[in-house]
Structure formats: C-alpha cells, structure tokens
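Subject: Structure handover

Hello,

Here is the structure I promised to pass on. Please open it next to this email and follow along.

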Number of protein chains: 2
Amino acid sequence: MSGFYLTQALHRAIQQRSGHLATRCAGREHTWAQFGDRVARMAAVLRGLGVSAGERVGMMSMNSDRYLEYYYATWWAGGVVNPVNIRWSPAEVAYSLDDCDTAILIVDDAFQGAVADLRARSKALRTVIHCGDGATPEGMLGLEALIAEATPIDDAMRSGDDLAGVFYTGGTTGFPKGVMLSHTNLASNALSNVAEQIVMPDSVTLFAAPMFHLANGAAMLAGMSFATPTVFVPAFTPVGVLEIIQAERVTQALLVPTMIQMLVDHPDLPKYDTSSMRSVLYGASVISEGVMRRALAAFPNARFSQAYGMTELSPCATILPAWYHTPEGQKAGKMRSGGRATFTTEVRIVDAEDREVPRGTVGEICARGPGVMLGYWNKPELTKAAIRDGWMHTGDAGYMDEDGFVFVVDRVKDMIVSGGENVYSAEVENAIAQHPAVGASAVIGIPSEQWGESVHAVVVLKPGQQASAEEIIAHCKTLIAGYKCPRSVEFSEALPVSGAGKVLKTKLREPFWQGQERGVA
Amino acid sequence: MSGFYLTQALHRAIQQRSGHLATRCAGREHTWAQFGDRVARMAAVLRGLGVSAGERVGMMSMNSDRYLEYYYATWWAGGVVNPVNIRWSPAEVAYSLDDCDTAILIVDDAFQGAVADLRARSKALRTVIHCGDGATPEGMLGLEALIAEATPIDDAMRSGDDLAGVFYTGGTTGFPKGVMLSHTNLASNALSNVAEQIVMPDSVTLFAAPMFHLANGAAMLAGMSFATPTVFVPAFTPVGVLEIIQAERVTQALLVPTMIQMLVDHPDLPKYDTSSMRSVLYGASVISEGVMRRALAAFPNARFSQAYGMTELSPCATILPAWYHTPEGQKAGKMRSGGRATFTTEVRIVDAEDREVPRGTVGEICARGPGVMLGYWNKPELTKAAIRDGWMHTGDAGYMDEDGFVFVVDRVKDMIVSGGENVYSAEVENAIAQHPAVGASAVIGIPSEQWGESVHAVVVLKPGQQASAEEIIAHCKTLIAGYKCPRSVEFSEALPVSGAGKVLKTKLREPFWQGQERGVA
C-alpha cells in the first residue's frame with residue numbers, strides 16, 4: 001500500500017472520536033465506534049459475497065446513514081463503489097451496471113420495486129441486498145441480518161491509484177460514461193476542500209443532495225476528515241430541509257443553486273430557525289445575485305462557498321471562497337465566477353489547438369492535478385480525447401481574469417460559431433429568459449450556408465402567455481449584440497431533458513444536422 | 001504525469017498572484033512573476049549542466065531567497081533536491097553527496113570556503129555554482145550570470161511517486177541516511193498542513209529555521225499554497241528575528257522550542273513590536289509550560305501549533321492545534337502531547353511484536369499514509385526494517401490517550417529495560433535537571449548482571465557548582481520511582497553532541513557495551 005486511502009478518515013474517526021455521534025437517521029444513532037464496527041461487518045458480508053480487490057458494488061437508494069456505510073464498507077472490503085443515478089431510466093441503470101460488470105446491488109425500500117425490471121434487463125446483476133426498514137423481499141438478502149451475523153474484517157487497504165469508484169455521468173451527451181476515480185483522486189480532492197475550509201470542525205452536516213452524486217460526495221469526503229455528526233433527508237424538499245436544519249441544529253450542507261432558490265423562496269422559510277447554519281457549499285451552476293442576496297438573509301450566520309468541477313475531476317477544480325459572497329465581493333465582480341484553481345488543481349483556458357489563450361478570452365476550460373480521473377471505464381478512445389498531455393478537457397467554455405478567476409460561459413459543444421463569431425448559448429438564453437412570456441428556452445446552432453451556423457432558439461412559453469418569433473428576436477436585440485440574437489425561433493411544449501434535469505441539446509440539434517458534421521467539437 | 005507535483009503551488013502563484021510580492025531578502029525583491037521567471041531560467045541552467053529527470057542537486061547555504069529558488073528550480077528542471085546539513089563536518093557532507101551521487105552543488109558566500117575541502121573528499125562532486133553576492137570564486141560558476149543568459153524552460157512535470165528529494169538525517173545513529181521523498185510524500189503533507197491551518201492567507205512568512213531541514217521545509221511547502229511574501233534571516237539569532245518581525249510585520253514562522261526560549265528570554269524582547277505575529281508552528285521537541293506561558297505573552301496575537309514528525313514522514317505525523325495552547329487547553333492535559341494524527345497520517349503505538357498496545361501503554365510510535373518515505377537511499381535492508389506492512393517505525397517511544405493524542409516519551413533505543421521495567425531516559429534526565437547544580441545530563445542503560453540493564457547518568461555540572469553522585473541519586477528519589485533513579489552517576493566536562501545538537505548516546509554507551517548486544521532494538 002502506498003499513497004492516499006479513503007478509509008483513513010474512518011480509521012482516524014474511530015481512533016479520535018470513537019464515542020462521538022457519527023450518524024443520526026430515521027431514529028437510528030451510531031457513534032464512530034459503532035459506525036466502524038458496522039462498516040467492518042458489512043465489508044465481511046461483501047467479501048463473503050465475492051467482493052475481492054477492485055470488484056464493483058452498486059447502491060440504488062435514497063439518502064440515509066446506510067448509504068454512507070455502503071461507501072466505506074465497499075472500500076474497507078477492497079471493492080469499488082458504483083452508486084446508481086436514481087433519476088435514470090431502468091435501461092440506463094442496467095446499462096451502467098452491465099458496462100462495469102456490477103454483480104452486487106444494494107437497494108432500499110424506495111427502489112426494491114425496480115429490481116425485477118433491472119434483473120430482466122441486466123446481464124451482470126447477480127445479488128441484490130435489501131437495506132430498507134421493511135421486510136426483505138423475496139429473492140433478496142437482508143442487510144441487517146447479514147451484518148448481525150458477520151465477523152468484522154480488517155481494512156483491505158486499497159490506496160493510491162487503485163480504483164475506488166465508477167461514477168456514471170453524461171446522460172446529456174448520448175450514452176453514460178463510467179468515470180473511474182482512484183483513492184488518490186478522491187482523497188486528494190477531499191483534503192483540498194478541507195484546506196479551503198468548506199467544512200469545519202464542530203459541525204453537524206446535512207446530506208440533502210443525492211448521495212449517488214459526487215457533488216454531495218465532495219462534501220461527504222471532506223466532512224469525514226473532521227468526523228462530525230451527519231444527518232440525512234431521504235431526498236430534497238424545502239420543508240424537509242428546513243425542518244431538519246431547525247431540529248438538528250445543522251451547521252453545514254452542500255446545496256445546488258436550484259435547492260437554494262427553492263429554500264429562500266419558500267413561503268414557510270420565516271417560520272424556521274436557520275441560525276445554526278454556518279457553511280453552505282454550492283456548485284453545478286452559478287447562482288444569480290438576487291438569489292444570493294436572499295440566501296445570505298435566509299442563512300444569516302452562514303458562509304457560502306462555490307465550487308466548480310465535474311465528476312472527471314473528483315470533482316472540484318475551482319473554489320470561490322466565502323469572502324466573495326458579500327456585497328464587497330459582489331462589487332469586485334468575482335461572484336459571477338466559479339472561483340480559482342483549488343490547492344490540488346491547475347486550470348488553464350485553451351483554444352482548439354490546446355494553446356493557452358490570453359486572459360479574458362473564451363476557450364475550453366482544462367484542469368490537471370491529482371484529481372484528474374483514471375479514465376472512462378472501457379472507453380480508451382474517449383479517455384484519450386478527454387485527457388490530453390495530462391489536462392482534462394472539461395468541455396466547458398470559459399475565460400480567466402487577471403487574478404486567475406474562472407468564468408464559465410457555456411458548454412463548448414453548445415457554443416455556436418456564426419459568421420466567425422463565437423456565440424454562447426447561455427448568454428442568449430439569459431436574454432430570452434428576460435422576456436415576460438418565456439418559461440424556458442434552449443439556444444442551438446443550426447446549419448447555415450451563409451454563416452456556417454445560425455443561432456436558433458427553441459422557446460417554451462409560460463402557460464397562457466403568447467409571443468411571436470419576431471417579438472422574441474426584437475427583445476433580444478435590446479439586450480445583446482445583433483449577431484448573438486436568434487435568427488429563427490421555434491415554439492415547443494417542453495424541452496427534452498436528461499434524468500439530471502439538463503436540457504438535451506443534442507436531441508434538439510439532431511433534426512437540423514442529419515448527415516452533416518458540426519464544426520464545433 | 002499523474003498525482004501530486006510540487007511545482008503546482010508555483011504555477012498557481014504565478015497564475016493568481018503574479019504581481020504580488022514573493023520574496024524580500026537582502027535588499028532584493030521579486031514578485032511571483034519574477035520568481036517564476038527566475039526559477040524557469042535557473043532550471044534551464046541546471047538542465048544545461050546535465051540535470052535530467054531524477055538527478056540530484058545539492059545546496060549548501062544560509063537561508064535566503066535563492067534557497068527557495070533552488071528548491072523550485074530543481075523540481076522545475078525535473079531534478080531532485082539534496083539540501084546539505086550545514087552543521088555537519090566536511091566528511092559527513094562529502095559522504096552525503098557521494099552516497100546519492102550529487103554532482104552539482106550550489107554554495108553561497110558563507111560556504112564557498114568549504115568547497116576546496118569538499119572537492120578533495122567527494123568523488124561525486126563535479127560542478128559548483130556560486131550563488132553569493134560577492135565575486136564568483138575561481139573554479140565555480142556564477143549563478144546570476146547564468147540565469148541572466150538562460151532561456152526559461154517548461155516545467156518537467158515530475159509527479160506522484162517520482163523522487164523529489166533526498167534528505168540526509170541520522171547523524172545521531174552513527175551514519176547519515178538519505179531519506180527519499182516523492183512529490184506525493186511532500187505535497188500531501190504540505191496540503192494536510194494547510195488544512196490544519198498552520199499557515200494562513202494574507203501572511204508574511206519568516207524563514208528563521210535552517211532551510212535545509214524539513215521542519216522549515218514543512219512550513220515552506222504549506223506556505224507556498226497561499227503564495228504570500230516570504231522574508232529570511234540567514235540564520236537564527238534572537239535579535240535578528242525580533243528585528244525582522246518588527247520591520248517586515250511578519251505574521252508566521254516555524255520555530256523550534258529552543259529558538260522560542262531564546263526569544264522569550266531575551267532581555268531586548270520588550271523593545272520590539274511583535275504584535276504582527278499571528279501563527280507560530282513549532283516542533284522537534286515538546287515545549288515546557290513555563291516557556292509556553294512566556295511565549296504566549298511575547299507574541300500576544302499569535303496562535304501556536306505543535307507538530308511531531310520526522311524526515312521519514314515528510315515530515316508531520318501529528319499536529320497539536322492552537323486551541324490546546326491556552327490555559328484551558330493546558331488544563332485538559334493535552335498540551336504536553338504532540339497532538340493527533342494529521343489528515344494524511346494514521347498513527348498507532350505497537351509493542352516489539354508490532355501488536356497495537358492499549359491506550360496509555362508506552363510502545364513504539366508508528367505511522368502510515370501518503371507521507372511515508374519511499375525509503376533510504378541505497379539501503380534496502382534499513383528501509384525494510386523501518387517500514388513494515390506500510391507502517392513507518394519512528395524509533396520514538398510514546399503512548400496514546402483515549403482521544404488519540406500522542407505523547408512522546410523517549411527514543412526507543414534510549415529506553416532502558418531494568419529488572420523488567422521500562423525506564424525512559426527523558427524522564428530521568430528531567431528529574432536530574434531539577435538539581436540546582438546540574439547543567440546537563442544524559443541517562444543511558446549499561447549492562448547489569450542482576451537487572452539486565454542498569455540506569456546510568458552522565459552529568460555535566462554548572463560552572464563552579466558541585467554535587468556528589470549520592471546527592472544526585474537522592475535528589476532523583478524525591479521526584480521519581482526508585483527503579484527509575486540512576487544506580488551510578490558519572491561526571492563529565494561535556495556531552496558528545498551531533499551537529500544538530502542532539503546528545504550522542506550511542507557514543508556514551510559504547511565503552512560499557514563493547515562486545516555485547518543491547519536487548520533494546
């Protein structure tokens with residue numbers, strides 16, 4: 001063994017805080033000694049079921065203490081986690097299990113009903129373990145009974161470049177890819193986040209974002225460093241989160257901007273005591289200044305930090321620390337950025353030939369460092385295309401200012417090149433969104449003999465509202481440069497979205513580009 | 001390239017703080033842009049002199065900005081640092097250069113006079129570069145002229161398990177050993193120290209401890225994460241340090257306890273403004289409560305953190321955070337400890353059979369994690385003896401309390417086994433030290449047919465003072481258990497000490513043990 005190992009934080013927790021509270025969930029409480037014992041027993045169970053070094057174990061579940069135990073028990077047994085995206089269709093889940101040959105799947109009460117269908121679709125799935133509170137369904141093993149009978153085993157001590165997890169991502173780009181992350185990948189990113197002070201000692205941590213996703217995973221791994229208590233909501237609801245914050249005196253949580261927005265705009269917010277909150281980490285997208293202002297008021301004692309990254313970067317690449325989430329910070333113009341390269345990441349912006357572009361120029365955001373994934377499972381060509389000369393090419397378009405702050409402007413592939421000018425779909429969508437009749441929109445490039453690509457908008461109107469294509473275009477011309485405005489507008493009932501809620505622009509572009517290659521990668 | 005790389009902090013510094021002050025030394029000032037440019041040029045110089053991947057480069061110098069440039073230029077060129085212990089004899093220095101085949105040595109004005117002797121003794125030494133302010137001596141290359149002519153090169157991007165440094169240690173145990181540390185070893189330890197908040201953003205860092213040693217090295221690497229300005233004293237003197245703290249408004253420094261003692265006991269202390277100091281990291285030995293109290297008064301705005309470790313652990317294994325350096329912390333009894341395992345270290349205490357001992361029981365302190373050295377240069381047997389099953393055996397005897405705090409009591413090999421009881425020489429020496437006539441003492445085990453080993457004290461009296469062996473023994477009996485008290489006392493003019501100031505107990509034991517094996521490892 002050499003290098004980082006993810007179980008180290010658990011060893012420290014047991015050594016330094018054995019009698020302290022580890023998890024409280026659905027009426028259950030475990031100290032770190034108990035948590036460690038359960039992990040070592042559950043690892044024995046997995047070992048008994050054939051989990052040897054590097055073997056994948058899946059979990060399909062709402063948030064709970066058992067989800068946290070699953071991560072550490074799998075690593076303790078020497079296995080590799082494959083947390084299932086619970087928003088995916090059965091076909092997508094079966095694909096992700098089969099792709100990396102996951103034979104063992106743990107399900108809770110909420111997902112036990114999905115098992116029959118999964119068994120029919122998946123070739124790899126062999127053993128299903130039920131970790132719910134109800135009776136163990138026919139054909140599944142009951143986790144609690146197995147844990148009670150098991151004899152704890154020693155930590156398998158996988159470490160360094162050993163595979164720790166396969167995280168499936170990329171529903172938006174057609175087919176899911178298994179991102180392979182090592183112990184060093186995940187543990188170095190977690191330590192960097194501790195150094196950025198996004199988690200604090202003497203905290204009570206809430207897991208409100210889905211635990212299969214590395215956004216919450218980043219907070220989970222960093223939080224383990226201090227071995228403070230964690231509480232859970234099965235899934236995010238504004239009232240559920242406000243209630244647990246008040247009841248458990250929660251001090252820190254990772255929340256995505258839409259969750260923050262739902263919380264701060266909820267009519268019952270003033271009824272709850274949120275004064276315990278001291279730290280909110282958010283990511284995945286930039287937060288609007290209005291929501292941020294309301295969030296600062298809603299959590300008066302909390303520091304907000306933003307992270308930008310992706311699963312392939314384990315996941316954080318940049319952090320915007322708390323200081324910039326202030327009126328002073330807003331004035332400095334940094335709050336719209338995703339922050340600067342973390343302690344373990346180097347970031348640069350490159351052109352299509354991988355040359356670094358001057359500060360302020362938009363290009364593709366690239367990152368290198370110990371967080372860069374090992375690669376995509378079974379996809380060496382995709383891996384080679386994504387990681388070039390050690391640099392992970394994020395597919396995000398952005399620019400860097402003189403102080404190293406990174407501003408994300410679009411997905412590279414959603415960027416439209418029209419008449420030699422780059423048009424960022426996000427900027428156009430922001431302009432369209434300000435029209436009072438518009439509910440949602442997606443802006444794409446479509447083929448144009450004259451311009452190469454032409455800016456095309458797909459618009460969903462608010463119920464009962466009306467607007468013409470000409471009105472939308474005229475509205476945009478009051479806000480952004482002419483060449484950025486849509487040349488054509490199409491109205492639609494709804495936008496096609498992925499399980500994770502991202503608009504599937506590939507689907508929207510498809511009918512326009514049949515038989516043609518887009519110039520943009 | 002994969003994993004951690006030590007130059008990353010420099011890339012970030014150049015990207016995020018290019019126009020900010022990097023170093024101020026002897027009237028010279030460099031921004032991070034200038035520092036980065038000098039490093040890339042100096043790397044070109046080293047490359048031109050034959051430094052390819054993994055090649056060692058030595059430096060023998062007082063503290064200066066050029067020492068910092070040396071570290072980063074060597075890594076930028078792909079080389080391996082071999083910083084020379086400036087307290088060693090020419091024979092020891094030549095041994096350390098030859099042992100790991102260091103052909104290139106950089107010397108400053110203070111050590112240019114040692115070169116002729118070194119050249120005569122060393123087979124490996126080929127090229128000497130002079131980095132002083134005076135004229136370049138005959139037969140040496142002038143660094144500044146070479147840098148001025150050089151064309152900056154790209155970072156060689158060595159990383160992960162690649163060798164980054166060979167640090168010679170162990171003068172006290174007979175012959176120096178070259179501790180091989182990788183990029184991951186050093187960078188992971190540095191990041192962990194950032195996470196422990198021993199360094200802070202918006203700081204002015206002072207290098208007062210010798211820069212060849214990893215104690216200062218730990219502060220250096222952690223401090224680079226924030227890329228704040230660094231100032232230097234060529235070598236520690238109480239007045240020199242007080243003057244630069246006042247003049248530069250220094251906020252943080254690593255100091256060893258003897259330095260702290262000299263500072264707080266200096267008669268001129270009240271004349272200086274030390275209010276800028278916000279963080280003091282100390283290590284290498286425990287500080288007495290009296291000195292700590294005076295230190296808290298001398299640096300009223302500073303938080304004190306203690307680190308315990310060794311070069312073989314890159315170097316920190318445990319940290320005692322600032323909180324325990326308070327009257328409240330003293331009451332909790334933790335201040336006498338070296339703290340708890342850091343974020344990247346696991347610590348345990350084992351018996352001679354490598355079994356973990358119960359809390360409170362003294363055994364050998366062991367540590368594992370990404371900081372554990374690659375091994376000793378060219379000494380596979382010693383490496384195998386030191387690192388067993390991934391655990392570095394420190395050779396330090398200590399115990400752990402229920403909360404995971406580690407208390408160091410002695411070197412294992414200095415522990416005396418008398419009549420089946422373990423006697424810790426440090427405890428006996430502390431008792432002897434309280435006799436008013438005693439200046440210094442060293443307690444060793446000597447052969448005894450009746451007891452296996454018998455406790456023997458070598459005592460140096462203060463000038464003009466007198467005491468008999470019987471008096472010393474009687475004095476000890478008032479303080480410690482009878483079996484721990486010396487059975488024999490020998491008076492001496494002085495104790496044999498190593499270049500680093502450690503008492504050479506091996507030398508003291510030698511005459512007693514000729515032809516016999518000690519039972520203690």
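Below is what was found, topic by topic. Please keep in mind that this is a predicted model.

**Where the chains meet**

Start with the contact between the chains. On one side are 25 residues of chain B, and on the other are 25 residues of chain A. Helix 1 (8-17), helix 7 and strand 16 of chain B each give two or more residues to chain B's side. Which of these elements gives the largest share of that side? Helix 7 of chain B does, with six residues. By class, chain B's side has eight nonpolar, 13 polar and four charged residues.

**The helix 7 pair**

Two packed helices are described by the angle between their axes and the distance between the axes. Now look at helix 7 (residues 183-195) of chain A and helix 7 (residues 183-195) of chain B. Their axes come within 7 Å and cross at roughly 35°. The crossing is left-handed. From chain A, the contact uses A:Leu191, A:Ser192, A:Val194 and A:Ala195. From chain B, it uses B:Leu191, B:Ser192, B:Val194 and B:Ala195.

**Helix 1 of chain A**

Is helix 1 (residues 8-17) of chain A largely enclosed or largely open? Eight of its 10 residues are buried, so the rest of the structure largely encloses this helix. The buried residues are A:Gln8, A:Ala9, A:Leu10, A:His11, A:Arg12, A:Ala13, A:Ile14 and A:Gln15. What do they pack against? In chain A, the partners are helix 2 (32-48), helix 3 (65-76) and helix 8 (214-224). In chain B, they are strand 16 (340-341) and strand 17 (346-350).

**Domains of chain A**

Chain A is divided into domain 1 (8-397) and domain 2 (421-513). The centres of these two domains of chain A, taken over C-alpha atoms, are 33 Å apart.

**A sheet in chain B**

Chain B has an open sheet of nine strands with mixed pairing. The strand order is 2-1-11-10-12-13-14-15-16. Strand 2 (28-31) and strand 16 of chain B stand at the edges. Each has a single partner strand, so one side of each is left without a neighbour in the sheet. Further in, strand 13 (residues 279-283) and strand 14 of chain B pair in the parallel sense over five bridges. One residue pair to find is B:Leu281 and its bridge partner B:Ser305, in strand 14 of chain B.

**Backbone details**

Most residues other than glycine have a negative phi, and most peptide bonds are trans. Some places here are worth a look.

- A cis peptide bond joins A:Ser314 and A:Pro315, with omega about -10°. A:Pro315 is in the loop between strand 14 (303-309) and strand 15 (316-320) of chain A.
- In chain B, the bond from B:Ser314 to B:Pro315 is cis, with omega near -10°. B:Pro315 is in the loop between strand 14 (303-309) and strand 15 (316-320) of chain B.
- B:Arg249 is not a glycine, yet its phi is positive, about 50°. B:Arg249 is in the loop between helix 9 (238-248) and strand 12 (252-255) of chain B. B:Arg249 has 13 C-beta neighbours inside 10 Å, so it counts as partly exposed.
- B:Asp389 has a positive phi near 55°. Its place is in the loop between strand 20 (387-388) and strand 21 (391-400) of chain B. B:Asp389 has 9 other C-beta atoms within 10 Å, so it is exposed.

Best wishes

Technical notes: Residues numbered from 1 in each chain as written. Chains lettered and ligands numbered in written order. Predicted model: local features only at pLDDT ≥ 70, side-chain atom pairs only at ≥ 80, totals over all residues. Axes fitted to C-alpha atoms, helices over the stretch in contact; angles between N-to-C directions. Helix = DSSP H or I, 4+ residues; strand = E, 2+ residues; numbered from the N terminus. Left-handed = near helix turned anticlockwise from the far one by under 90°. Contact = placed C-beta atoms within 7 Å. Domains from an automatic or database assignment. Buried ≥ 20, exposed ≤ 12 C-beta atoms within 10 Å, placed from the backbone. Pairing = 2+ DSSP bridges. Nonpolar A, V, L, I, M, F, W, Y, C, P; charged D, E, K, R; others polar.
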